[in-house]
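Open the model in your viewer and keep the selection panel at hand. The stops below go from single residues to the whole chain.

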Amino acid sequence: MKNVITRRDFMKKSAYAILGTAVGFSPLGSQSSGQKSRVVLIRHKDALDENLKFNRTIIQQMLDEAVTTLFGLDDPVKVFKQLVKPGDIVGIKSNEWNYIPTPPELENAIKQRVLDAGVKEASIGIDDRAVRKNPIFQKATALVNVRPLRTHYLAGMSGCIKNYITFSENWSANHPNNCEDLAQCFFLPMVKGKTRLNILSALTPQFHGRGPHGFDRRYVWEYKGLIVGTDPVAVDSVALHIIMAKRTEHFGSENRLPALPRHIRAADVKHKLGTSDPGKIELIKLGWKEGILI
(Lines give C-alpha, C1' and ligand atoms only; values in the text may rest on other atoms or scores of the structure.)
Protein backbone atom coordinates (compact mmCIF):
# COMPACT_ATOMS: atom_id res chain seq x y z
CA MET A 1 0.00 0.00 0.00
CA LYS A 2 1.34 3.43 -0.95
CA ASN A 3 1.25 6.52 1.23
CA VAL A 4 1.78 9.93 -0.30
CA ILE A 5 2.94 12.43 2.28
CA THR A 6 1.39 15.87 2.31
CA ARG A 7 3.31 19.08 2.72
CA ARG A 8 1.73 19.58 6.13
CA ASP A 9 2.87 16.14 7.25
CA PHE A 10 6.36 16.76 5.90
CA MET A 11 6.83 19.95 7.90
CA LYS A 12 5.08 18.88 11.12
CA LYS A 13 8.30 18.33 13.11
CA SER A 14 9.12 21.71 14.66
CA ALA A 15 12.84 20.95 14.89
CA TYR A 16 13.02 20.41 11.15
CA ALA A 17 11.10 23.60 10.48
CA ILE A 18 13.54 25.52 12.68
CA LEU A 19 16.49 23.98 10.86
CA GLY A 20 14.86 24.84 7.54
CA THR A 21 14.60 28.48 8.50
CA ALA A 22 18.24 28.50 9.54
CA VAL A 23 19.48 27.24 6.18
CA GLY A 24 17.02 29.27 4.16
CA PHE A 25 14.14 26.90 3.39
CA SER A 26 11.07 28.83 2.32
CA PRO A 27 7.57 27.58 3.14
CA LEU A 28 6.47 29.11 -0.15
CA GLY A 29 8.92 27.07 -2.21
CA SER A 30 12.04 27.94 -4.13
CA GLN A 31 10.61 27.43 -7.59
CA SER A 32 7.66 29.25 -9.09
CA SER A 33 6.41 26.35 -11.18
CA GLY A 34 7.22 22.87 -12.37
CA GLN A 35 6.41 19.25 -11.67
CA LYS A 36 7.03 17.83 -8.21
CA SER A 37 10.13 15.76 -7.57
CA ARG A 38 9.08 12.23 -6.67
CA VAL A 39 10.99 10.44 -3.92
CA VAL A 40 10.34 6.89 -2.71
CA LEU A 41 11.12 5.84 0.84
CA ILE A 42 10.97 2.07 1.30
CA ARG A 43 11.66 0.11 4.48
CA HIS A 44 11.64 -3.58 5.37
CA LYS A 45 11.98 -4.95 8.89
CA ASP A 46 13.99 -7.93 7.60
CA ALA A 47 16.54 -5.91 5.60
CA LEU A 48 19.14 -6.80 8.23
CA ASP A 49 19.31 -8.98 11.31
CA GLU A 50 20.31 -8.31 14.90
CA ASN A 51 24.00 -8.62 13.94
CA LEU A 52 23.60 -5.93 11.25
CA LYS A 53 24.01 -8.52 8.52
CA PHE A 54 22.29 -7.36 5.34
CA ASN A 55 19.75 -9.54 3.58
CA ARG A 56 20.67 -9.41 -0.10
CA THR A 57 17.36 -10.86 -1.29
CA ILE A 58 15.31 -8.34 0.68
CA ILE A 59 17.49 -5.43 -0.41
CA GLN A 60 17.06 -6.44 -4.05
CA GLN A 61 13.30 -6.55 -3.50
CA MET A 62 13.37 -3.12 -1.86
CA LEU A 63 15.32 -1.59 -4.73
CA ASP A 64 13.01 -3.19 -7.28
CA GLU A 65 9.83 -1.98 -5.58
CA ALA A 66 11.28 1.50 -5.13
CA VAL A 67 12.23 1.99 -8.77
CA THR A 68 9.01 0.53 -10.19
CA THR A 69 7.02 2.87 -7.95
CA LEU A 70 9.24 5.82 -8.80
CA PHE A 71 8.78 5.35 -12.55
CA GLY A 72 5.27 3.87 -12.54
CA LEU A 73 6.26 0.61 -14.25
CA ASP A 74 5.57 -3.00 -13.31
CA ASP A 75 9.03 -4.48 -13.83
CA PRO A 76 12.38 -3.24 -12.45
CA VAL A 77 14.20 -4.48 -15.54
CA LYS A 78 11.95 -2.27 -17.68
CA VAL A 79 12.92 0.65 -15.45
CA PHE A 80 16.63 0.03 -15.85
CA LYS A 81 16.21 -0.43 -19.60
CA GLN A 82 14.86 3.11 -19.61
CA LEU A 83 17.73 4.35 -17.46
CA VAL A 84 20.59 2.70 -19.35
CA LYS A 85 21.12 1.15 -22.77
CA PRO A 86 23.23 -1.90 -23.71
CA GLY A 87 25.92 0.33 -25.18
CA ASP A 88 26.27 2.50 -22.08
CA ILE A 89 29.31 2.54 -19.82
CA VAL A 90 27.90 2.69 -16.29
CA GLY A 91 29.64 3.95 -13.17
CA ILE A 92 28.05 3.05 -9.84
CA LYS A 93 29.35 5.84 -7.61
CA SER A 94 29.49 4.25 -4.20
CA ASN A 95 30.99 5.26 -0.85
CA GLU A 96 33.71 3.37 0.99
CA TRP A 97 33.86 5.14 4.37
CA ASN A 98 35.03 2.17 6.38
CA TYR A 99 32.71 2.66 9.36
CA ILE A 100 29.49 2.75 7.31
CA PRO A 101 30.20 1.97 3.64
CA THR A 102 27.61 1.40 0.98
CA PRO A 103 26.56 -2.22 1.61
CA PRO A 104 27.90 -4.60 -1.07
CA GLU A 105 24.43 -6.15 -1.12
CA LEU A 106 23.02 -2.84 -2.36
CA GLU A 107 25.85 -2.30 -4.84
CA ASN A 108 25.26 -5.79 -6.24
CA ALA A 109 21.50 -5.26 -6.45
CA ILE A 110 22.07 -2.18 -8.62
CA LYS A 111 24.69 -3.93 -10.73
CA GLN A 112 22.37 -6.89 -11.31
CA ARG A 113 19.65 -4.67 -12.74
CA VAL A 114 22.16 -2.81 -14.94
CA LEU A 115 23.28 -6.22 -16.27
CA ASP A 116 19.64 -7.21 -16.78
CA ALA A 117 19.21 -4.06 -18.87
CA GLY A 118 21.81 -5.43 -21.29
CA VAL A 119 24.95 -3.57 -20.23
CA LYS A 120 28.08 -5.70 -20.45
CA GLU A 121 29.79 -6.52 -17.16
CA ALA A 122 33.05 -5.11 -18.50
CA SER A 123 31.24 -1.78 -18.96
CA ILE A 124 30.15 -1.50 -15.32
CA GLY A 125 32.32 -0.10 -12.55
CA ILE A 126 31.82 0.44 -8.81
CA ASP A 127 34.14 2.96 -7.16
CA ASP A 128 34.42 5.88 -4.78
CA ARG A 129 37.70 7.63 -4.06
CA ALA A 130 39.43 6.51 -7.26
CA VAL A 131 36.70 7.53 -9.72
CA ARG A 132 38.88 10.15 -11.43
CA LYS A 133 41.48 7.48 -12.28
CA ASN A 134 39.02 4.67 -13.00
CA PRO A 135 38.74 3.99 -16.78
CA ILE A 136 35.05 3.07 -16.46
CA PHE A 137 34.22 6.40 -14.82
CA GLN A 138 36.48 8.31 -17.20
CA LYS A 139 34.44 6.95 -20.12
CA ALA A 140 31.09 6.64 -18.33
CA THR A 141 27.94 7.59 -20.21
CA ALA A 142 25.65 6.91 -17.23
CA LEU A 143 26.01 7.07 -13.45
CA VAL A 144 24.10 5.64 -10.51
CA ASN A 145 24.69 7.57 -7.29
CA VAL A 146 24.51 5.43 -4.12
CA ARG A 147 25.81 6.00 -0.61
CA PRO A 148 24.87 5.66 3.09
CA LEU A 149 23.16 8.42 5.07
CA ARG A 150 24.99 10.02 8.00
CA THR A 151 25.77 13.31 9.66
CA HIS A 152 28.99 15.12 8.74
CA TYR A 153 31.14 17.49 10.77
CA LEU A 154 31.55 20.04 7.95
CA ALA A 155 28.49 19.63 5.72
CA GLY A 156 26.00 18.76 8.45
CA MET A 157 24.80 15.75 6.51
CA SER A 158 26.34 13.37 3.98
CA GLY A 159 23.87 12.37 1.32
CA CYS A 160 23.62 12.03 -2.43
CA ILE A 161 24.84 15.56 -3.13
CA LYS A 162 28.03 15.14 -1.12
CA ASN A 163 28.75 11.73 -2.64
CA TYR A 164 30.10 13.34 -5.82
CA ILE A 165 32.88 15.27 -4.08
CA THR A 166 35.40 12.62 -5.18
CA PHE A 167 34.88 13.71 -8.79
CA SER A 168 36.49 17.01 -7.84
CA GLU A 169 40.22 17.56 -8.33
CA ASN A 170 40.38 19.53 -5.09
CA TRP A 171 38.07 18.26 -2.35
CA SER A 172 39.00 21.01 0.10
CA ALA A 173 37.81 23.64 -2.39
CA ASN A 174 34.29 22.39 -1.66
CA HIS A 175 34.57 22.90 2.13
CA PRO A 176 33.95 26.64 2.68
CA ASN A 177 30.77 27.77 4.42
CA ASN A 178 29.68 24.28 5.52
CA CYS A 179 30.38 22.84 2.03
CA GLU A 180 27.70 25.12 0.64
CA ASP A 181 28.62 24.64 -3.02
CA LEU A 182 28.84 20.84 -3.18
CA ALA A 183 26.27 20.85 -5.98
CA GLN A 184 28.98 22.18 -8.30
CA CYS A 185 30.34 18.64 -8.47
CA PHE A 186 27.28 17.60 -10.48
CA PHE A 187 28.35 19.98 -13.25
CA LEU A 188 31.88 18.65 -13.64
CA PRO A 189 32.64 17.17 -17.10
CA MET A 190 32.85 13.61 -15.74
CA VAL A 191 29.38 13.95 -14.22
CA LYS A 192 27.23 16.54 -15.97
CA GLY A 193 23.99 15.10 -17.31
CA LYS A 194 24.96 11.48 -16.61
CA THR A 195 23.23 10.65 -13.31
CA ARG A 196 20.28 8.32 -13.89
CA LEU A 197 19.33 7.46 -10.31
CA ASN A 198 20.12 8.54 -6.74
CA ILE A 199 19.88 5.96 -3.96
CA LEU A 200 20.51 6.85 -0.34
CA SER A 201 21.06 3.87 1.92
CA ALA A 202 19.22 4.50 5.18
CA LEU A 203 19.65 0.89 6.27
CA THR A 204 21.95 1.82 9.18
CA PRO A 205 22.28 5.62 9.17
CA GLN A 206 24.24 7.63 11.73
CA PHE A 207 22.44 10.61 13.24
CA HIS A 208 25.26 12.14 15.29
CA GLY A 209 29.06 12.35 15.23
CA ARG A 210 31.97 14.69 15.90
CA GLY A 211 35.12 15.29 13.89
CA PRO A 212 36.18 14.13 10.41
CA HIS A 213 35.94 10.47 11.37
CA GLY A 214 33.15 10.87 13.90
CA PHE A 215 31.86 7.33 14.04
CA ASP A 216 30.02 6.26 17.17
CA ARG A 217 28.01 3.05 17.24
CA ARG A 218 25.66 4.61 19.82
CA TYR A 219 24.29 6.92 17.15
CA VAL A 220 23.78 4.32 14.42
CA TRP A 221 20.29 2.88 14.21
CA GLU A 222 18.55 0.18 12.24
CA TYR A 223 16.21 2.27 10.12
CA LYS A 224 16.23 -0.39 7.40
CA GLY A 225 15.33 1.95 4.57
CA LEU A 226 16.26 3.17 1.10
CA ILE A 227 15.50 6.65 -0.23
CA VAL A 228 15.33 6.71 -4.02
CA GLY A 229 14.79 9.43 -6.62
CA THR A 230 16.08 11.08 -9.76
CA ASP A 231 16.50 14.41 -7.94
CA PRO A 232 19.44 14.25 -5.49
CA VAL A 233 18.35 17.45 -3.74
CA ALA A 234 14.87 16.11 -3.03
CA VAL A 235 16.33 12.80 -1.83
CA ASP A 236 18.66 14.63 0.57
CA SER A 237 15.84 16.89 1.78
CA VAL A 238 13.79 13.86 2.79
CA ALA A 239 16.85 12.33 4.45
CA LEU A 240 17.52 15.51 6.41
CA HIS A 241 14.01 15.40 7.83
CA ILE A 242 14.57 11.83 9.02
CA ILE A 243 17.93 12.68 10.58
CA MET A 244 16.48 15.67 12.42
CA ALA A 245 13.46 13.71 13.61
CA LYS A 246 15.77 11.02 15.00
CA ARG A 247 17.91 13.65 16.72
CA THR A 248 14.81 15.18 18.30
CA GLU A 249 13.72 11.75 19.47
CA HIS A 250 17.15 11.09 21.00
CA PHE A 251 18.31 14.50 22.23
CA GLY A 252 15.01 16.33 22.74
CA SER A 253 15.20 20.05 22.04
CA GLU A 254 19.02 20.07 22.08
CA ASN A 255 19.31 18.59 18.62
CA ARG A 256 21.18 21.21 16.62
CA LEU A 257 23.54 19.70 14.07
CA PRO A 258 27.26 20.53 14.51
CA ALA A 259 27.15 22.17 11.08
CA LEU A 260 24.21 23.50 9.11
CA PRO A 261 23.61 21.55 5.87
CA ARG A 262 23.60 24.68 3.72
CA HIS A 263 24.50 22.72 0.61
CA ILE A 264 21.01 21.23 0.26
CA ARG A 265 19.24 24.56 -0.05
CA ALA A 266 22.09 26.01 -2.14
CA ALA A 267 21.85 23.07 -4.54
CA ASP A 268 18.29 24.21 -5.24
CA VAL A 269 18.31 28.00 -5.14
CA LYS A 270 21.90 28.74 -6.17
CA HIS A 271 22.83 25.86 -8.45
CA LYS A 272 19.38 24.77 -9.75
CA LEU A 273 20.24 21.10 -9.35
CA GLY A 274 16.88 20.05 -7.89
CA THR A 275 14.27 20.99 -5.32
CA SER A 276 14.71 21.30 -1.57
CA ASP A 277 11.19 22.60 -0.93
CA PRO A 278 8.92 20.03 0.79
CA GLY A 279 5.96 21.59 -1.01
CA LYS A 280 7.48 20.50 -4.30
CA ILE A 281 8.38 16.96 -3.24
CA GLU A 282 6.02 14.02 -3.66
CA LEU A 283 7.14 11.50 -1.05
CA ILE A 284 5.81 7.97 -1.41
CA LYS A 285 6.29 5.69 1.58
CA LEU A 286 6.38 1.93 1.12
CA GLY A 287 6.77 -1.03 3.45
CA TRP A 288 7.50 -1.14 7.18
CA LYS A 289 6.08 1.89 9.03
CA GLU A 290 7.27 1.40 12.63
CA GLY A 291 9.67 4.17 13.61
CA ILE A 292 9.46 5.80 10.19
CA LEU A 293 9.90 9.35 11.64
CA ILE A 294 8.30 11.06 8.63
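Select D64: it counts as buried, at 11% relative accessibility, where buried means under 20% relative accessible area, exposed over 50% and partly exposed in between (1.4 Å probe, protein chains only). D64 sits in helix α3. Helices (H or I, at least four residues) and strands (E, at least two) are DSSP runs, numbered from the N terminus. Not counting residues up to four places away in sequence, D64 touches P76 and R113; contact means heavy atoms within 4.5 Å.

This is a predicted model, in which local features need pLDDT of at least 70, side-chain atom pairs count only at pLDDT 80 or more, and totals for chains, interfaces and linings use all residues. Residues are numbered from 1 along each chain as its sequence is written, and side-chain values use heavy atoms, with hydrogens and water left out.

Next, select L52, in the loop between β2 and α3 (56–71). L52 is not a glycine, yet its phi is positive, at about 65 degrees. Most residues other than glycine have a negative phi. Is L52 buried, partly exposed or exposed? L52 is partly exposed, with a relative accessible area of 26%.

Move to L293, in the segment after β9. L293 also has a positive phi, near 70 degrees, in a residue other than glycine. L293 counts as buried, at 14% relative accessibility.

Now select I227. Leaving aside neighbours within four places in sequence, I227 is in contact with V39, V40, L41, N198, I199, L200, A202, V235, V238, A239 and I242. I227 is also one of the residues with the most contacts inside the largest nonpolar core, along with Y223 and I242. That core has 48 residues. A nonpolar core is a set of buried Ala, Val, Leu, Ile, Met, Phe, Trp, Tyr and Cys residues joined through side-chain atoms within 4.5 Å.

To see what builds this core, colour the elements that give two or more residues to it: β2 (37–43), α6 (135–139), β5 (142–152), β7 (195–206), α8 (232–251), α9 (262–269) and β9 (281–287). Helix α8 gives the most, with 10 residues. Apart from this core lies another, of 35 residues, among them I59, V90, L203 and L286.

Finally, select the whole chain. Its secondary structure comes to 9 helices and 9 strands. Of its 294 residues, 57% count as buried. Among contacts with a separation of 6 or more, 74% are between residues 24 or more positions apart.
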